[in-house]
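Thanks for coming, everyone. I have one structure to show you today. Let me put it on the screen.

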Amino acid sequence: MMKIVVEKNYEDLSKVAANLVREEIEKNPKLVLGLATGSTPEGMYKELIRLHKEEGLDFSKVTTFNLDEYVGIEEEHPNSYHYFMKDILFNHINIDMNNTFIPDGQAENPEEYCKKYDKLIEEKGGIDLQILGIGENGHIAFNEPDEELNVGTSIVGLTESTIEANSRFFDSIDEVPKTAITMGIGSIMKAKKIILLANGKKKAPVIKELLKAEKITTKLPASMLLLHHDVTIILDEEAYRG
Ligand code: GLP
């Protein structure tokens, strides 16, 4: 079931999302939390940091799994998702870094590594709450629209539109990796609860498509969420109305 929440603006969206995360951590301090990168969840992370610093929200027993990482750039690279997560969240809360997991874009044996990542999620009890953004082309994590979608964590090629969208973080478009490692649709769908966030006019067309979808299609990877029993979509007015 998809529950739709529309907030006035990005700030409100971020606060509502952070509060849902807070509630889950308070219910279960050992929460296994699935995290996303991109601009969309930045405000939510900022609010989670505030909740930690000002209201004592405790991450010490929380485990996190990130959705994806580029292949071909080092963890220390300022554009890597490893770097991003430390910078935007982990360095500012009391999480045990040993409990944070991000796919390794440099793994020597990628195929084996992908299987290990999914297994590790299972071993930790599965993801309790997964945070998602959405690409303008309907991708979730780095599962791009295609004839087929991967079930488990996989190495994938990025579409031109994603490379272009993500080039804003790089000095030039040629520097954007063309390959990534991403949790598959199955890995995401196994999460007990999912929150998808979208803000801004740019996301309005894909959100419109998603909200009117009555069929699932690999051409709109986010449509797979129609099969999940507990999805909350939090939007701002711009993403909702355009
Ligand atoms: C990126 C990420 C996704 C993210 C999406 C939207 O490429 N791999 O996990 O949800 O695209 O990004 P943004 O939030 O910056 O719009």
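I'll go through the ligand, then the pocket, then the cavity. One note before that: this is a predicted model.

Start with the ligand. How many residues surround the ligand? The count is 13. Ser39, Thr40, Asp68, Arg168 and Lys203 are the closest. Sort that shell by class and you get six polar, four nonpolar and three charged residues.

Now some distances. Look at Thr40. An N or O atom in the Thr40 side chain is 2.4 Å from an oxygen atom of the ligand. Next, Ser39. Here the backbone takes part: one of its N or O atoms lies 2.8 Å from a ligand oxygen atom. Then go to Asn166. A polar atom of the Asn166 side chain is 3.0 Å from an oxygen atom of the ligand. How much of the ligand does the protein bury? Taken alone, the ligand exposes 400 Å², and the protein buries 94% of that.

On to the pocket. The ligand takes up the space of the largest pocket. That pocket holds about 840 Å³ of space. Its lining is made of 39 residues. Nearest the centre of the pocket are Gly38, Ser39, Asn166, Arg168 and Phe169. By class, the pocket lining has 16 nonpolar, 15 polar and eight charged residues.

Last stop, the cavity. The structure has one cavity of 30 Å³ or more. The volume of the largest cavity is about 30 Å³. What lines the largest cavity? Leu33, Leu35, Tyr45, Leu48, Phe59, Val62, Thr64, Leu89 and Ile95 do. By class, eight of these lining residues are nonpolar, one is polar, and none is charged. Strand 2 (32–35) gives at least two residues to the cavity lining, and so does helix 2 (42–55).

The lining of the largest cavity has no charged residues. That's my tour. Thank you.

Note on methods
Residues are numbered from 1 along each chain as its sequence is written. This is a predicted model: local features need pLDDT of at least 70, side-chain atom pairs count only at pLDDT 80 or more; totals for chains, interfaces and linings use all residues. Side-chain values use heavy atoms; hydrogens and water are left out. A residue is near a molecule or strand if one of its heavy atoms lies within 4 Å of it. A polar contact is a pair of N or O atoms within 3.5 Å; within protein, one must be able to donate a hydrogen and the other to accept it, and residues adjacent in sequence count only if both atoms are side-chain atoms. Accessible areas come from the Shrake-Rupley method with a 1.4 Å probe; for residues, only the protein chains shown count as cover. On a 1 Å grid over the protein atoms alone, a cavity is a set of points where a 1.4 Å probe fits but cannot get out, and a pocket is an open set with protein on both sides within 12 Å along at least five of seven lines; lining residues have an atom within 4 Å of a point. A molecule sits in a cavity or pocket if more than half of its atoms lie within 2 Å of its grid points. Ala, Val, Leu, Ile, Met, Phe, Trp, Tyr, Cys and Pro count as nonpolar, Asp, Glu, Lys and Arg as charged, and the others, Gly among them, as polar. Grid points are joined across faces, edges and corners, and a volume is the space filled by probe spheres set on the points. Helices (H or I, at least four residues) and strands (E, at least two) are DSSP runs, numbered from the N terminus.
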